[in-house]
Amino acid sequence: MKFRIYRYNPDQDSTPYLQEFELEVRPGMMLRDALMALKEQQDESISFRHSCGEGVCGSDGINVNGQNCLGCITPVSDFKAPVTIRPLPGRPVVRDLVVDMSQFYQQYRAVKPYLIRKDPLPEQEILQSPAEREQLDGLYECIMCGCCSTACPSFWWNPDKFHGPQALLQAWRFLTDSRDQATEERLDALEGPYKLFRCHTIMNCVEVCPKQLNPTRAIGQIKELMLRHSI
Amino acid sequence: MSRQATGLRAWVLQRISAIYLGIYFIYIIGHFLFDPPTSYQAWSGWLADPFVAVAMLLFFAAVLLHAWVGVRDVVIDYVHPIMVRVTLLTLTGLCLIGSGLWVMRTIYLAGASA
């Protein structure tokens, strides 16, 4: 099977280019396996991130034939040859498929992704009913691979100001948590045209999420809550 | 927050104006389909009805609001140099206000000549 891999080493190359490889594909082979095989057998200078190999760590987000996905859980057989592998779009390239995710993490940090309590902390756990706990399903599973935010045009144009789908999914994860007590502050922090409202419901995030989460729905719920708190 | 353009208000205005536009489109297309005015007299007589005139004025107000939020969104997304952005938004605002005033004049004159 023919592979085309985005190559760019800022120390040596003036511009990025696509390098072609031919690789014998095994049944059940994942993209990460293919990249590792290419690195082992053909060109050890190919750079990419990966770690757990089972869709848990979120290290190996890549763009394959135009679609963001996790290399370790996406079978090569899902794609037609040639398989073009590029880094996640819109991020500065460090080298080959390795991108600089600093802005993505800054946006995550900006939504204060932790419980904020005003009451004194109890001696034991803060209990939740099963229904309250259920609110967090579809939110807490995010592994921060960055596939969604780097597929979002609004995040491409304003990555410094728009939080992006990943951070907004987490914003909703804490807004809807029965144990959190900073709803007003969180909503105030999201007001303005950028942080939340650059989302135009394009839904690329929903399409690419390897965990089948729905940031667009979470963003809609934040807007709804904001409206309810405003009138 | 006061030095920022609005987020929630613009979004809500866009949704509400969209709903009105949708309903009005059904009404106006239905009207022209089933009961089209046959002459200028019939047309201006129809517009002399205050309900018709107000509904139409509201329609154009909704169009202008909707257009303002939409253009503002596009400019915020794509136009980053601040002077270009201010110029574009100013021109858009002037065009929209001008169009609105002209529409008011047109609807008033059409109704008045009945």
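**A short tour of chains A and B**

Hi everyone, let's start with two helices of chain A: the axes of helix α2 (residues 102-110) and helix α5 come within 9 Å and cross at roughly 20 degrees. That makes α2(A) roughly parallel to α5(A), where angles under 35 degrees count as roughly parallel, over 145 as roughly antiparallel, 65 to 115 as roughly perpendicular and the rest as oblique. Axes here are lines fitted to C-alpha atoms, for helices over the stretch in contact, and angles run from 0 to 180 degrees between N-to-C directions. Helices (H or I, at least four residues) and strands (E, at least two) are DSSP runs, numbered from the N terminus.

A quick word on what you are looking at: this is a predicted model, in which local features need pLDDT of at least 70, side-chain atom pairs count only at pLDDT 80 or more, and totals for chains, interfaces and linings use all residues. Residues are numbered from 1 along each chain as its sequence is written, chains are lettered from A and ligands numbered from 1 in the order in which they are written, and side-chain values use heavy atoms, with hydrogens and water left out.

Back to our pair. The crossing of α2(A) with α5(A) is right-handed; a crossing is left-handed if the near helix is turned anticlockwise from the far one by less than a right angle, and right-handed if clockwise. On the α2(A) side, F104(A), Q107(A) and Y108(A) make the contact, and they meet Q166(A), A167(A) and Q170(A) of α5(A). Contact means heavy atoms within 4.5 Å. By class, three of these residues are nonpolar, three are polar and none is charged. For those classes, Ala, Val, Leu, Ile, Met, Phe, Trp, Tyr, Cys and Pro count as nonpolar, Asp, Glu, Lys and Arg as charged, and the others, Gly among them, as polar.

Helix α5(A), residues 164-175, also meets helix α8(A), residues 215-230: their axes come within 9 Å and cross at roughly 55 degrees. These two are therefore oblique to each other, and their crossing is left-handed. Among the residues in this contact are L168(A) and W172(A) of α5(A), along with I219(A) and I222(A) of α8(A). The classes here are 11 nonpolar, one polar and no charged residues.

Stepping back, chain A has eight helices and seven strands, and its C-alpha trace spans about 60 × 35 × 30 Å along its principal axes. Of its 231 residues, 47% are buried, where buried means under 20% relative accessible area, exposed over 50%, and partly exposed in between (1.4 Å probe, protein chains only).

How many disulfides are there over all chains? A search of the whole structure finds zero, a disulfide being a pair of cysteine sulfur atoms within 2.5 Å. For C72(A), the nearest cysteine sulfur is that of C52(A), 5.2 Å away. C72(A) is buried, at 6% relative accessibility.

Finally, chain B. Q14(B) sits in helix α1(B), residues 8-34. Is Q14(B) buried or exposed? Q14(B) counts as buried, at 16% relative accessibility. Not counting residues up to four places away in sequence, Q14(B) touches H66(B), V69(B), G70(B) and D73(B). F60(B), in helix α3(B), residues 50-78, is partly exposed at 27%. Leaving aside its neighbours within four places in sequence, F60(B) is in contact with V103(B) and I107(B).
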